[in-house]
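Hi everyone, thanks for coming.

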Amino acid sequence: MRRALERLLNLLAFLLTADRPVTAEEIRITVAGYAQDSDDAFHRMFERDKDLLRRMGIPIELRPTDTWEVEYGYFLHPDAYQLPDPDLSDEERAALWLAAQVVRLGGQPSGADALMKLGGLAMSGGGEPLAADLGSGAEDLSTAHLAATERRMLSFTYRGRRRTVQPMGILHQRGHWYLIARDREEMRAYRVDRASAFALGDHPGAFTRPAGFSLKDALPGKPWAAGEADIIAKVVFDADTAWWAKRQLGANAVERPDGALEAELRVANPDAFIGWILGFEDKAEILQPEHLRQALIDRVRERS
């Protein structure tokens, strides 16, 4: 996957710096990544890359290389590719600078080049600010995003099992990247940092997204609802903390005559659920099932 991205960037850079239409043969011998043993292999790869760049909105044109129009080549006019000046205000540039300083992808700092191109120098600061690390698996994120964009099947290993899914998209929430995908007929959320060995399907357009589909709606709202387990937990909260539990659980909770709150919850991530229950200290108790209750007791003993 990384080699494919590097080849696309090399092709894009070559077309942007060329001041004339260039033939496919020139691209083959000049752009790194196209040194294929056979003509057919090169042409398949080049056509695939060219179509991908065009789908991304990059206007690669086919133009004659001479006045007789005998031979044709590929040309990318910089003015047709570059974005117009957004004419940002000082306040908007300041907001972008702050976002670039705070957010990190894989813990890597953001460069100032992009901000300079938007109409101003990067602001100086007194040291490295607090940053939000958006994950280190940039290559896996790229593979998952490409699969969702082109509607290709995606395979990966998750919790010791190989899976092949229909990727709907990725989003960042609660400090982690999630892949929202349809596994068989069920929509699931997978934490990207817990998956490995991503493999992209060969055929674009292999599936269709449901009408009106929303990534945000597909991600479970509670941290214990995203996972592989399927447990129905029965929990009771003491009367003096019932208001707080009810605020988080809503209609899933029923108030007892003594003021305590009882709830039945579907748990997909037992560890996250136990961590949430521990936040109530001794004011919450898991009644059922027994193995989840015992797991809570064991966790309390480990902490004591």
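Let's start with Asp238, which is partly exposed at a relative accessible area of 31%; partly exposed sits between buried, under 20%, and exposed, over 50%, with a 1.4 Å probe and protein chains only. Before going on: this is a predicted model, where local features need pLDDT of at least 70, side-chain atom pairs count only at pLDDT 80 or more, and totals for chains, interfaces and linings use all residues. Residues are numbered from 1 along each chain as its sequence is written, and side-chain values use heavy atoms, with hydrogens and water left out.

Where is Asp238 found? It is in the loop between β10 (231–237) and α9 (242–249). Helices here are DSSP runs of H or I with at least four residues, strands are E runs of at least two, and both are numbered from the N terminus.

Ala260 counts as buried, because its relative accessibility is 8%. Beyond its neighbours within four places in sequence, Ala260 is in contact with Val236, Phe237, Asp238, Ala239, Val254 and Glu255, contact being heavy atoms within 4.5 Å.

On to helix α10 (residues 270–278): its buried residues are Phe273, Ile274, Trp276, Ile277 and Leu278. They pack against β10, α9, β12 (261–267), β13 (284–288) and α11 (290–303).

Finally, the whole chain: eleven helices and 13 strands, with 34% of its 304 residues counted as buried. Thanks, all!
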